[in-house]
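Student: I have a structure to go through with you. Can we take it piece by piece?
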Amino acid sequence: MKSIKIAIFDYSAGNLGSLKSTFHRIGFDDITITNDFPTLEEADCIILPGVGSFGYCIKTLNQSGDASSFFKKFLKREGKLLVGICIGMQLFADVSEESDGYNGLGLIPSCVRKIKVNINQRLPHVGWNSIDKISNEPKTSNNVIDVYFDHSYKLVCDPDLVVSSAFYGEKIPAMVKKGNVVGLQFHPELSGKFGSDLLKDILLGELNC
Amino acid sequence: MLKKRIIPVLYIKNSILVQSILFKTYRPIGCPEITVDFLIRWGADEVIIIDLDAAYGVSPVNYEMIRNIASRIDIPLSYGGGLQKLEDTHAVFQAGVDKVIFNQALYENKAMVHEIVYRYGSQAVIGSFDMKYDKAEWKVFNYKAKCFLPNVCINTLTAELALGEVFINNVDRDGSLLGYDISLCRSLNKNLTVPMIFCGGCSNAKDMAILFSGCPELSAAAAGNFFHFTELSVHKTKSYLSGTVPVRLSY
């Protein structure tokens, strides 16, 4: 398997232990957990992990420098990939309702707002929910597959960027992709074998979507 | 469609998985790591670990055990027990836990709970309440201080601390195999605005079916002992439920 240098951004929150062990399990061993931009820059793939509040995460990202400019520059380079999980994906937006006064990274034209649920539904949207088919590739082909969600906010963006959706009160983007930026609203690292396989395919660039 | 969650609870004493009866008597069952492997293969939707020694202050948080369990798990892991300090709570997240469960800290260290919610988000924080029946009403019981907390309102506390989920334990039915107390579940769930996990008394799949039909808005049913004593327990439970309750069947 192709050797890939992975850097997980450390905002001193985030389920870093859980994510790191998932990468080891699916065969990626070159993993750095850091908030240092020069170190992040050397990675082939940067992961923005998935536990944290919007305001806190953005504040921490910007402590190391202008995060938005850093990521925009990083993504212009050949062969680079940025993957955001849950809150990590929401950080790609321009703004979020969750934390007033903080701008997002502005990597995907979008905003983040609270999910509109029905009267008998509650937030957070937590548990296993089905998502649409992600790819026609046999390896990750899924007709109806359940993945693990845990969030109260959703990304609102151009539907053309949405690869797969879930439904809870309203349609929720489960996976978005814009060039070499991939966002997953659910937690692939907590979604059993399907989630791990999907993560592997994304990192190896073997996902046709 | 969002599925109802079936959650095994592992009570730990001295790094060993134990059977708990009325929160008083504990019998050793086995190694938690091996049990977790089975539970995942059998289709558990999440796993909850409660370290009773850490909860009662008998020993510090056992990070090594948490790391061992977390490293072999590809579903969500929640941990409760002895989380009184910010450093300890950060450390269990670092060890691989996805959600933390607070019990004592909800009353004794609200500042820490606020800080954890601010950093990690509400969705990573579960409030745990132990319920006991006393003088014709259900009350929250504080196990460490061995007293009732008659003034605690679960809904108010949940909103005040912005908890993401509530984990209810019916202590009176713990290990009793008498089935869930549906009326308790309904009355607590009715007023809550966040998802609830309900535990205490389950003896078989039918008990869970009765629970979900009696309380259709319940987010998750949890059980301890029952899942550890039956081969393929979670899988069989889900097969039984699948006709009437939406559950995750592909794993």
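Student: Where is the place of B:I16?
Tutor: B:I16 sits in strand β2 (residues 16–21) of chain B. Helices (H or I, at least four residues) and strands (E, at least two) are DSSP runs, numbered from the N terminus. This is a predicted model, in which local features need pLDDT of at least 70 and side-chain atom pairs count only at pLDDT 80 or more, while totals for chains, interfaces and linings use all residues. Residues are numbered from 1 along each chain as its sequence is written, and chains are lettered from A and ligands numbered from 1 in the order in which they are written.

Student: What does B:I16 count as, and why?
Tutor: Partly exposed, because B:I16 has 14 C-beta neighbours inside 10 Å. A residue is buried if 20 or more other C-beta atoms lie within 10 Å of its own, exposed if 12 or fewer, and partly exposed in between, with C-beta atoms placed from the backbone.

Student: Switching to the core. Which residues have the most contacts inside the largest nonpolar core?
Tutor: B:V100 and B:F198, in a core of 144 residues. Such a core is a set of buried Ala, Val, Leu, Ile, Met, Phe, Trp, Tyr and Cys residues joined through C-beta atoms within 7 Å. Strand β1 (residues 5–13) of chain B gives the largest share of this core, six residues.

Student: What is B:F198 in contact with, leaving aside neighbours within four places in sequence?
Tutor: The partners include B:I168, B:Y180, B:L211 and B:A222. Contact means C-beta atoms, placed from the backbone, within 7 Å.

Student: And how many residues of chain B are in contact with chain A?
Tutor: 32 residues of chain B, against 32 of chain A. On the chain B side, α6(B) supplies the largest share, three residues. That side divides into 13 nonpolar, ten polar and nine charged residues. Here Ala, Val, Leu, Ile, Met, Phe, Trp, Tyr, Cys and Pro count as nonpolar, Asp, Glu, Lys and Arg as charged, and the others, Gly among them, as polar.

Student: Last topic, the open sheet in chain A. What is the strand order?
Tutor: β5-β6-β9, with mixed pairing. Two strands pair if DSSP finds at least two bridges between them. β5 (95–96) and β9 (153–157) of chain A are at the edges with a single partner strand each, so one side of each has no neighbour in the sheet.

Student: How many bridges join β6 to β9(A)?
Tutor: Five, and β6 (residues 110–114) of chain A runs antiparallel to β9(A). A:C111 has A:V156 as its bridge partner in β9(A).

Terms used
Contact = placed C-beta atoms within 7 Å.
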